[in-house]
Amino acid sequence: MVFSSLTFLCIFLPLVLILDRIVRNIHVKNALLLIASLLFYAYGEPVYVSLMAASALLNYVSALLIAGNKRFRKLFLVIGVIVNLGALVFFKYSVFLVTSFNSATGLNVSVPDVTLPLGISFFTFQAMSYVIDVYRGECEVQKNFGRLLLYISFFPQLIAGPIVKYRDIAAEISSREVNSANTADGIRRFAMGLSKKVFIANNVAVITDSVYSALGTGLDAKCAWLGAVSYMLQIFFDFSGYSDMAIGLGLMFGFHFKENFDHPYIAGSIKEFWRRWHISLSSWFKDYLYIPLGGNRKGKVRTVINKFIVFACTGIWHGANWTFLLWGLYHGTFLMAEEFIPKSSKKSSLRTFLSHIYLILVVLIGFVLFRCDSLTDFGLMMKSMFTSFNGTIANDMLFASLLNPLNITALIAGVVFSMPVSGKLTRLKFMKGLSYPAALAAVVIAILCLSSGSYNPFIYFRF
């Protein structure tokens, strides 16, 4: 089940929200949300509900052993982390590893028949963060298994994040305030995310899919650049839209999740971009990999190496494909280079402009690599973007068909709202009274659009 489906919008969410308001006791509320979350996951992955529950049980026991045995607490931590990563590697990377091994050696090792469980990267990282935080003494061990299972399986952030640390919501699992103000803010935030998904991401996705499906047919530069720009907007509004909906849903039920995006396309460097893009993943790797490796405490060379390791892991976290690994290394390379660029205390409009252009070009080309299914496709796309300037009738027709009024509007809206304009609009006096009616109107229009069949799944469901 996805947030932008009619089943969720018209049946699941209203029913769970009404029941949550009827129930007063916090224990019953938690039980209700736990049952709802398990049903939400089972709707799309009935086979792997037991896997998620087993993951929660493993980490529940690991944390209890860590908290209750000072002598062997490090051993229990290592075992817990290894088992978590082992499950992630088996389900997510075993097919890729065996296939790559066969290609490199010429052998014919049997490829395992494994299906990727929905959201495994997200709930595994959440569970690991809980165990590590218990070991570090940064949060109390949770002795109630139901509450820990609710934390790991809570449906707003279960499938595609944001990655929520247990310490950030532990108090709200035990006691939380649900009021009309939070509910209204949650609905408004959810509507914002749904609008991003339905009105922008879904429409520019049509351009992206059409262009990338034409790779290998002599795609010219204008079509290739249109496809690259479209995907850059699509992935941002698709994923930030999901995060907005998750944050909004959390508010409706009394939970406060941290922000996951902060207008990343206004950044002036790759370092700044990653402070603004998928913040929950960046902070996870910072807390649980970069800092344990030594962070920036052991000199510039070691800092560069640590960042390179982190971004290699960031890339491969996204999927079992060489393109994801290279995408991570690509970003890591630019981060390393930025460490050795002299910093200037002087600010100028020209410097800011050039820094922004640099960022946009680097990120755009990186997302081309991210979107391509293979390195061959990436090579074809690069060739089309930078060498294919002789148009053909077929390309002209494709370009004209993609730039219809609806798609042009979505592209313009994507460019405008990728900048921090929505926050400025909501601060205007006359907009404050319109925000909630506008949110409800957006939800109604989005439902009408979805009922007509204009739907595609969230990109980050793949990860």
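Helices here are DSSP runs of H or I with at least four residues, strands are runs of E with at least two, and both are numbered from the N terminus.

I'm working on a predicted model, where local features need pLDDT of at least 70, side-chain atom pairs count only at pLDDT 80 or more, and totals for chains, interfaces and linings use all residues. Residues are numbered from 1 along each chain as its sequence is written, and side-chain values use heavy atoms, with hydrogens and water left out.

**Entry: positive phi.** I started with H278, which sits in the loop between α11 and α12. Its phi is near 45 degrees, a positive value in a residue other than glycine. H278 counts as buried, at 0% relative accessibility. (Buried is under 20% relative accessible area, exposed is over 50%, and partly exposed is in between, with a 1.4 Å probe and protein chains only.) I then looked up H263, also not a glycine, and found a positive phi of about 45 degrees. H263 belongs to the loop between α10 (221-252) and α11 (270-276). At 22% relative accessibility, I log H263 as partly exposed.

**Entry: α1 against α2.** I looked at helix α1 (residues 6-22) and helix α2 (residues 26-44), whose axes come within 10 Å and cross at roughly 165 degrees. For the record, axes are lines fitted to C-alpha atoms, for helices over the stretch in contact, and angles run from 0 to 180 degrees between N-to-C directions. So α1 and α2 are roughly antiparallel to each other. (Under 35 degrees is roughly parallel, over 145 roughly antiparallel, 65 to 115 roughly perpendicular, and the rest oblique.) The α1 side of the contact has T7, F8, F12, V16, L19 and D20, while the α2 side has K29, L32, L33, A36, F40 and Y43. Contact means heavy atoms within 4.5 Å. By class I get nine nonpolar, one polar and two charged residues for this contact. (Nonpolar covers Ala, Val, Leu, Ile, Met, Phe, Trp, Tyr, Cys and Pro; charged covers Asp, Glu, Lys and Arg; the others, Gly among them, are polar.)

**Entry: T7.** I checked T7 in α1 and found it partly exposed at 29% relative accessibility. Leaving out residues up to four places away in sequence, T7 touches M1, F12 and Y43. I also took the C-alpha separation of T7 and F199, which are 192 residues apart along the chain: 19 Å.

**Entry: α12 against α13.** Next I took helix α12 (residues 279-293) and helix α13 (residues 300-317), with axes that come within 10 Å and cross at roughly 135 degrees. That makes α12 and α13 oblique to each other. From α12 the contact uses L281, F285, L289, Y290 and L293, and from α13 it uses residues including R302, I309, V310, C313 and W317. I noted nine nonpolar, three polar and two charged residues in the contact of α12 with α13.

**Entry: Q126.** I found Q126 in helix α5 (residues 120-136), buried with a relative accessible area of 1%.

**Entry: cysteines.** How many disulfides does a search of the whole structure find? I got zero, taking a disulfide as a pair of cysteine sulfur atoms within 2.5 Å. For C223, the closest cysteine sulfur is in C372 at 15 Å, too far for a bond. C223 is buried at 0% relative accessibility, and C139 is buried at 13%.
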